[in-house]
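Let's walk through this model together, starting with its charged pairs and ending with a pair of helices. Keep the viewer open as you read.

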Amino acid sequence: MGVCFDCLVVVNGVPDIRACQRVVEPGDTIRFQWGAELPAAQPQKREAAGADHPGADHPGGERPDPAGPDPARPEPHARPPRSDEQSGGSRSAEGEAW
Amino acid sequence: MKVVVVGAGPAGMHAAVAAARGGARVVLVDSAPQAGGQYYRRPPGGTAALPHVFEELRRQPRIEHLPDATVWAMEAVPGGLHRLHVQQGPADAPGRRSMTIEAAALVLATGAYDRVVPFPGWDLPGVYTAGAAQALAKSQRVAVGRRVLVCGTGPFLLPVARSLLAVGAEVAGVLEANAPATCLRGWLRRPAHPWHHRAKAAELAGYAALLARHRVPYRPRTAVIAAHGTDHVEAVTTARLDPDWNPVPGSERRFAVDAVCVGHGFTPQLEPVIAAGCRTRGGFAEVDDRQATSVPGVFAAGELTGIGGADLSAAEGTVAGCAAARHLGHAPDPAREAAARRRVRHWRDFAAALAAAHPVRPGWQTWAADDTLVCRCEEVTVRELRDAVEHHRARGARSLKLLCRVGLGPCQGRICGRNATELADAFLRERGAPPLLDPDAAAKRPLAAPVRLADLATPPTAYEAQEGT
Ligand SMILES: Cc1cc2nc3c(=O)[nH]c(=O)nc-3n(C[C@H](O)[C@H](O)[C@H](O)COP(=O)(O)OP(=O)(O)OC[C@H]3O[C@@H](n4cnc5c(N)ncnc54)[C@H](O)[C@@H]3O)c2cc1C
């Protein structure tokens, strides 16, 4: 387990989390991930960098950045996150605790 | 000067304890939240009866265990040291604690993962690796389906069936692809060691009784050769196989199930072995009788060196831990080390018999249809792979990747690497061409785990600086 990357989900706005490896925390917002996605809300200390990102608010159904480093091919039904899915963004700084 | 052990499965735990007992300071780095590896999976904070080594790991003041810590890269630094790049924190989270650890002696014990060969429908939700079904049952008490078929090859299918029954699933059958004659020849090929044969025979009898009690049929020379469904597995086609795993025409049957567990043996997690520059042989880390690799100060133990179960991994771990401590000038207990080496020799015979009894035979290549995905990440079909060989003249694994993108996705060929190599070799053989030039290229991954760009840009702190050592 942990090697196929077929189970990637979006946790608290952060994509590319392996569902089979991540331990759920109370209050986590979790949804399916459809193909390649960019983070909806950046961890606090990188907020500025996230806003600068050219693909941060790409239109629905479009490939965020065809020449981008993400090797995952976006699926045709890739779509931007809805605003209600971005709730929990404030929690996405979970890494800071470590 | 310390020993760093990567992986806290049976091999890594025993290595850490043996090295610490021998007098060395040890840092045990493991990506899982709790020690135990694949074998000792249990619910978080689980109280299941655990062997003594867990207690010793906790008590031993010379061991520091870093849980939730993934080694994502390694490099050699002057002075014969190895520098490990580690991220510690919740799996795949951005902004985890980022550090480097320098090791004067290194024990690699990262284990193995399931191998599955492709068949039509193997990418449907509801098709699980046998190991994943096992892990979900053992650590989350989750059954992957209500009515489940377990198939593939090897004795590992039996504990998977047992775990599924324990969490309330109906097991529709256990299908072993190899013929009883193949299995028998394998098990009898080696001089029998009554010691482990007795233990394993008792275990086998236990499984047989359990399957009988639950009326679970066990079918040799049978496999799932296709899974059907739209959004999820609804049914599978099984077939009788000849000794080479070619389906016997007319033997196909259809079963309604909502999950399938598939296991065709294991592939070692070799990234750190290759990153350290250690020689491999036959797809495993090459080690001597002290578990030393070809690189001085680097030892390997457990399923990295061959597939032989938890007992072999544990014994190899003890030998490797002693050797690593000695490499740093300590003097571990020679009697304990000699006993562990004897156990390693015995279980290696068992491992060799296991490999001979449960081979993966080439007939699986006939199960896949033209449009069956070989590489799931990049959605490369059998037809596209064949085109790359036949029309674009790919002759090496590297050119194969560039021509059809096989193995270039997020899993980096962990799932498809061996299958794609074997398929390509078969296509080359059909054309009278030699096999792929660089068959091991599929296992070369400079990064052992994905890292977010923002985290790459954040300078790590040295573990040594934090610890004041
Ligand atoms: C999913 C799965 C389930 C299994 N279940 C069973 C079972 O129930 N019964 C059975 O008899 N056998 C089982 N096996 C076989 C099992 O692998 C061996 O019996 C035994 O656990 C091998 O011990 P090991 O110490 O070599 O490796 P493992 O037990 O696999 O331990 C390796 C450890 O290394 C860690 N690791 C790997 N890469 C890194 C890295 N880059 N950085 C940091 N840490 C890392 C892993 O998290 C893991 O904790 C299973 C195998 C798999 C793949």
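Predicted model: local features only at pLDDT ≥ 70, side-chain atom pairs only at ≥ 80, totals over all residues.

Residues are numbered from 1 along each chain as its sequence is written, chains are lettered from A and ligands numbered from 1 in the order in which they are written, and side-chain values use heavy atoms, with hydrogens and water left out.

The side chain of Arg83(B) meets that of Glu102(B) in a salt bridge, at 3.0 Å from N to O; the term asks for a side-chain nitrogen of Lys or Arg within 4 Å of a carboxyl oxygen of Asp or Glu. Because Arg83(B) sits in strand β5 (residues 81–88) of chain B and Glu102(B) in strand β6 (residues 97–103) of chain B, the pair ties together parts that are 19 residues apart in sequence. Strands here are DSSP runs of E with at least two residues, helices are runs of H or I with at least four, and both are numbered from the N terminus. Glu102(B) is partly exposed too, at 24%.

Over all chains, the structure holds 26 salt bridges. Another of them joins Arg348(B) to Glu316(B), with the closest N and O atoms 3.0 Å apart. Here Arg348(B) belongs to helix α9 (residues 334–357) of chain B and Glu316(B) to helix α8 (residues 309–327) of chain B, so the pair ties together parts that are 32 residues apart in sequence. Arg348(B) is partly exposed at 30%, whereas Glu316(B) is buried at 0% relative accessibility. Elsewhere, Glu55(B), Arg58(B) and Arg59(B) are linked in a network of salt bridges.

Now follow α9(B) to another partner. The axes of helix α5 (residues 180–188) of chain B and α9(B) come within 7 Å and cross at roughly 160 degrees; axes are lines fitted to C-alpha atoms, for helices over the stretch in contact, and angles run from 0 to 180 degrees between N-to-C directions. That makes α5(B) roughly antiparallel to α9(B), a label for angles over 145 degrees.

Key. Buried < 20%, exposed > 50% of the residue type's maximum accessible area, 1.4 Å probe, protein only. Parallel < 35°, antiparallel > 145°, perpendicular 65-115°, else oblique.
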